[in-house]
Amino acid sequence: MVKPRNWHSLPEYQALRALMQAGTTAAAARQLGLSQSAVSRSIGSLEARLGKMLFERDAGRLRPTQEAVRLNMRLDPLFESLDRIDGPAEAVQETLRLVAPPSYAHRYIVSLIASFLRGNPGFFINLEVTTSDLVTLGVLENRFDLAVTGVEQSRAGIKLIPFRVSPAVCVMRPEHPLATRDTLTPSDLHEQDLIALTYRHGRRGQLDRLLHQVRAEPRIVAEVSTSFAAADMAREGLGLAVINPFPVYMYRSPELAFVPFESPMRYRGHFVVSDQRPVPRIARAFMRHLRLNTPPDPFSDRN
């Protein structure tokens, strides 16, 4: 027996997307130019047809269920196709609200924003640089569409999309006594001048535990808040630093020695998006651009 083909209703799908973006039936109705009752009927009809609940009421707002999120993602190609068919009467500039911490933003992301905008003249990017602690919060509060970060902060309301992974390395001037080693271990840092990350970084505590396990006691000569600052101090000859090589290697490899650090320390770069709202087309395009145009290096790999 042939399984009957499911029928589709574009107004129902439009109501779903508008309600996910707006959060209330009143706001969704204004967005679509319909009445609240029309939006509610469309959602109710879609739920009945699918046999699944798509929204839950939460403090006066309608919170999409995972079923709604998954359905909405599957609808992205449909609405992109409709946009291409209709075509705007005049060019409409799309804006990406992007946020990243300094180690990612100032060199790596800025250079890729430039190439992205040259290839997409109808796009516009608003970049904010802030601490890693605030990056995820900004996406959660709908102040940004996309974040790029090296800090894994999993929490309800956001989705982490891995895109880069790398092991820890030691960086130092090429003439440093340890610069010619193939690898370094925590024991090798005993009595070495060390530029350390501040204690607000989880990696500082992880490194301290590794050193304590082998009774290695380096001399802490400075504490910094970013891997780039640590690498730049190492370049000035203050000592060595244990850092994430991505994306520092791209900009400091001619001036510093990068030696693999044997340890369980692994760094992962993530895109951060909301799991409660559709991911804008421009955000998906920018993620693809970063994946395709990030220069290769000997330490980090695509994830």
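Glu12 and Arg49 form a salt bridge, with 2.9 Å between their closest N and O atoms; a salt bridge here is a side-chain nitrogen of Lys or Arg within 4 Å of a carboxyl oxygen of Asp or Glu. Glu12 belongs to helix α1 (residues 10–22) and Arg49 to helix α3 (residues 36–50), so the pair ties together parts that are 37 residues apart in sequence. Helices (H or I, at least four residues) and strands (E, at least two) are DSSP runs, numbered from the N terminus.

The model is predicted: local features need pLDDT of at least 70, side-chain atom pairs count only at pLDDT 80 or more, and totals for chains, interfaces and linings use all residues. Residues are numbered from 1 along each chain as its sequence is written, and side-chain values use heavy atoms, with hydrogens and water left out.

**Salt bridges**
- Side chains of opposite charge can pair when their charged atoms come close.
- The search of the whole structure finds 15 salt bridges.

**Domains**
- The protein chain is assigned domain 1 (10–86), domain 2 (94–165 + 268–302) and domain 3 (169–264); such bounds come from an automatic or database domain assignment.
- The C-alpha centres of domain 2 and domain 3 are 26 Å apart.
- In domain 2, 15 residues are in contact with 16 residues of domain 3, where contact means heavy atoms within 4.5 Å.
- Domain 2 and domain 3 bury about 1400 Å² between them, with 68% of it on carbon and sulfur atoms; buried area is the accessible area (1.4 Å probe) that two parts lose on being put together, summed over both.
- Of the area that domain 2 buries against domain 3, Ser103, Arg107 and Phe299 supply 48%, more than any other three residues.

**Backbone geometry**
- Most residues other than glycine have a negative phi, and most peptide bonds are trans.
- Glu191 is not a glycine, yet has a positive phi of about 60 degrees.
- Glu191 is in the loop between β7 (169–172) and β8 (193–197).
- From Phe246 to Pro247 the peptide bond is cis, with omega near 0 degrees.
- Pro247 sits in the loop between β10 (240–243) and α9 (248–252).
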